[in-house]
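Morning, everyone. Let me put the model up, and then I'll go through two interfaces.

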Amino acid sequence: MTGAANALPDLSRYDTSPKLLRRNAEIRGDRPCLREKHLGIWETVTWGEAAAQAREIACGLKTLGLERGDRVSIIGDNRPVLYNAILAIQSLGGVPVPIYQDSVADETRYVLNNAEVRFVFAEDQEQVDKVLEIKDECPTIEGVIYHDPRGLRNYSEAFLCSTGELTRRGRDYDAEHPGFYDGEVARGAADDTSVILYTSGTTGNPKGVVLSYRNVLVSALNSVRQEGLGEGDEVLAYLPMAWVGDHMFSCGQALVAGFCVSCPESAETVLNDLWEVGPTYFFAPPRIFENILTTVMIRIQDSGWVKRKLFFHFLEVAKVHGKRILDGETVGSSARLHYALGALLIFRPLLNTLGLTRVKLGYTAGEAIGPDIFDFYRSIGFNLKQLYGMTEASVFITIQPNGEVRSDTVGRPAAEVELRIEDNEVQFRGPGVFVEYFRNPEATAETKTGDGWCRTGDAGFIDGEGHLKIIDRAKDVGRLTDGTLFAPKYIENKLKFFPDIFEAVCFGDGRDCVTAFINIDLEAMGDWAERNGISYASYQELAGLPRVYDIIQGRVEQVNRDLAADADLAGAQIRRFLVLHKQLDADDGELTRTRKVRRRHVSEKYGSLIEALYSGRDRCGIETEVTFEDGRKGTVRADLQIRDIAPAEAERSAA
Amino acid sequence: MSAAEEATAQAPILRLDGISLAFGGVTVLDDVSFDIREGEIRAIIGPNGAGKSSMLNVINGFYHPDDGTITYKGETRTRMRPDQAARQGIARTFQNIALFRGMSTLDNIMTGRNTMMRRNFLWQALYVGPARREELEHRAHVERVIEFLEIEAIRRVPVGRLPYGLQKRVELGRALAAEPDLLLLDEPMAGMNSEEKEDMCRFVLDVNDEFGTTIALIEHDMGVVMDISDRVVVLDYGRLIADGSPDEVRGNEEVIAAYLGVVRD
């Protein structure tokens, strides 16, 4: 890696993605740009080849009649040709509109119509069929370009065209109009729309977030500079192309830093591809890190005793020293030696089987990650960091700087990003703030203030060290009668990170203190009971055991101690709790199908328990209707114990 | 009718004339005659014990008929060995999966190329020079089959660990690896759930469509048979009782009787 080739681009000169593509083709034309596994073999597209392919596709699109400003959709799995199609569209001043490949026809139709898409790139027959099904209702679509011809031989629709045919036409057009492509690329400017990404709003229709080249490329450049990414880096692009994260990593940062993007062979082979590619830069949502850890733990339990003993011995060593070594703190030489031995025998081989040995930067985001999971990866030497971002910010709002990584904050503002907390809500301002919601000025006005600040809808605060802490959705945050901030999800998440707590529901908005329903995890608690020779006949009996209450009380007290450490939240400690006699269940309407608590339903159904929590009584009887797995209904009666908890002290030792 | 069939409607790839087969005193096939045209999907149906699998065994040379002739690609014969059939472009799958359970998907499909390997066992073991080049060519073809059947994720998995539906697909893959002109499928959808069946139907139709492979299949699921086949022959107690398009066969009274179990004379 030479300094000159790895110098970051000057965005005043290379102010659009196609110009950056040309730059990369000039300075690193033979370096890998994209990889794809074909017939079992990884095939590489160099920057030079990618630029040539984008040029051919662009000229091909011209022959179909693409004009500047036209929207073109891309639907499919991560494929090099689709990434090049994005660049081709941008070269002609068109606007790519990637669509989630697993969207149902209704969602796809909404986006195609809302963005008035003229052309669609569809990966294969499956996606072509989806578009054909709704084409009559999408009057603006004039052409569909497919990549994989399989199964499409007998489709006679005149508006269908293969990428092969498109590039052939493009080559001819380019030969006849040699100056055309370069002229079009030169016309692009920083404030042109570079992409429209649709966000899957939880309510109502998705909104098209319009991002300019300035948004995407400045954010990309800043993050590349902060993390020291360069042309030698590798990523595996396995998350949907329509998601802003993939767009930023695989299109924005890849162009700026000149690194290589590998596309998995298929959705099912991702873990194997990860191992073969060995990325140096890796993003995954918390759920994936959790799944990997669970698999590792299960396999370790099944392995021989020598391996198991070694694993747990060095895991303890890692717990004590690992994070501090990764954070560059001073650690004694004997501890370092001990850790190095663990790395040699356990940590490196483990990361190797996972395909994560080469990762120097791992990001996670999207939701809260359990501190145990987070610490596990960091302690074995995997540089996992959290970031906080959203489509409207071109991803980056905050990033955890190296050496300042915590499991309970999302880090400091990214370069050039300003943060403020307005009425509990996190707001930001910076180069990544989106232009507008496409053709939706009302929603734009709701989200963007006049002076450039953008609302996130998340409640949070900035802690003593300048790190942002996200606590809940702003609309769910309430206040106790004395005005103390109450963020139910934040407290519930803390409780749920304990393996023996399955679910927790906290109350407090408009009350004088915080109380909680706790749901024990039958598997973890049952395992504990078995190991301690405690017999029980049912979930209800186990949940009501005094010793189980003792354990849960210990957990609640731990959470209270954590809360006491935050000045803003110290007043919202849990004062009374009870352990529910039945598991909250989607069949009883208490959880959604994605296992989120339906707060309103729970408070209606268990209203008498909530009143008991706030009444000072120490027991409460309840009768609930339950739905059995075969659909029959029955009732469960229980007499629940309620426990009081003393609040933790505001100060705590620096543990 | 597929376009491929109309184009070559007059050219049977295989013709069976007066085939009879008996094991001891049991007559399995009794004077059966029909043909399979190039490029068509031909279904063989019938109640249990009608002689369907025996018919396939006769076609690929595993059984030798007591009487009658087989004309394959214009060449008439009474006896053919299974390996000769394989070399001449007939490949098949089995009613009960017959894969090497300890070998990976990739290796199992690779065995489908065995009849085409020109270098002998010793060369292959040494894996040098021409043997290496040859192996790479075969491997590339096998990879095309893997891609076609969308089984990339199980390339390295021993087939014994795969669920039933996928094993069936691997078996189809092995047959396809031989680049057959005539593909015999013995109950390719037996024991599958409806989603697996749909997948398999799509693959059968795709094989026929993309490679122009002629397919003869035995199947019990009437919905599948009526949907995907161009012509159907019906056997009952070793006799041919109907032969024609799915619609013709569906309305045939003798077929209905055979399936509904009407008392016979």
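Chain A puts 12 residues in contact with 13 residues of chain B, contact being heavy atoms within 4.5 Å. This is a predicted model: local features need pLDDT of at least 70, side-chain atom pairs count only at pLDDT 80 or more, and totals for chains, interfaces and linings use all residues. Side-chain values use heavy atoms, without hydrogens and water, residues are numbered from 1 along each chain as its sequence is written, and chains are lettered from A and ligands numbered from 1 in the order in which they are written.

Now the area. Chains A and B bury about 1,100 Å² between them, with 41% from carbon and sulfur atoms. Buried area is the accessible area (1.4 Å probe) that two parts lose on being put together, summed over both. On the chain A side, A:Leu39, A:Arg150 and A:Arg153 supply 56%, more than any other three residues.

Four salt bridges link chain A and chain B. The rule is a side-chain nitrogen of Lys or Arg within 4 Å of a carboxyl oxygen of Asp or Glu. One of them pairs A:Glu265 with B:Arg155, closest N and O atoms 2.4 Å apart.

The assignment, automatic or from a database, gives domain 1 (1-89 + 182-265) and domain 2 (103-179). Domain 1 brings 19 residues to the contact, domain 2 brings 11 residues. About 1,200 Å² is buried between these domains, 71% of it on carbon and sulfur atoms. In domain 1, B:Leu183, B:Met200 and B:Phe203 lose the most area, together 34% of what that side buries. Two salt bridges join the domains. B:Arg202 meets B:Glu150 in a salt bridge at 3.8 Å, N to O.
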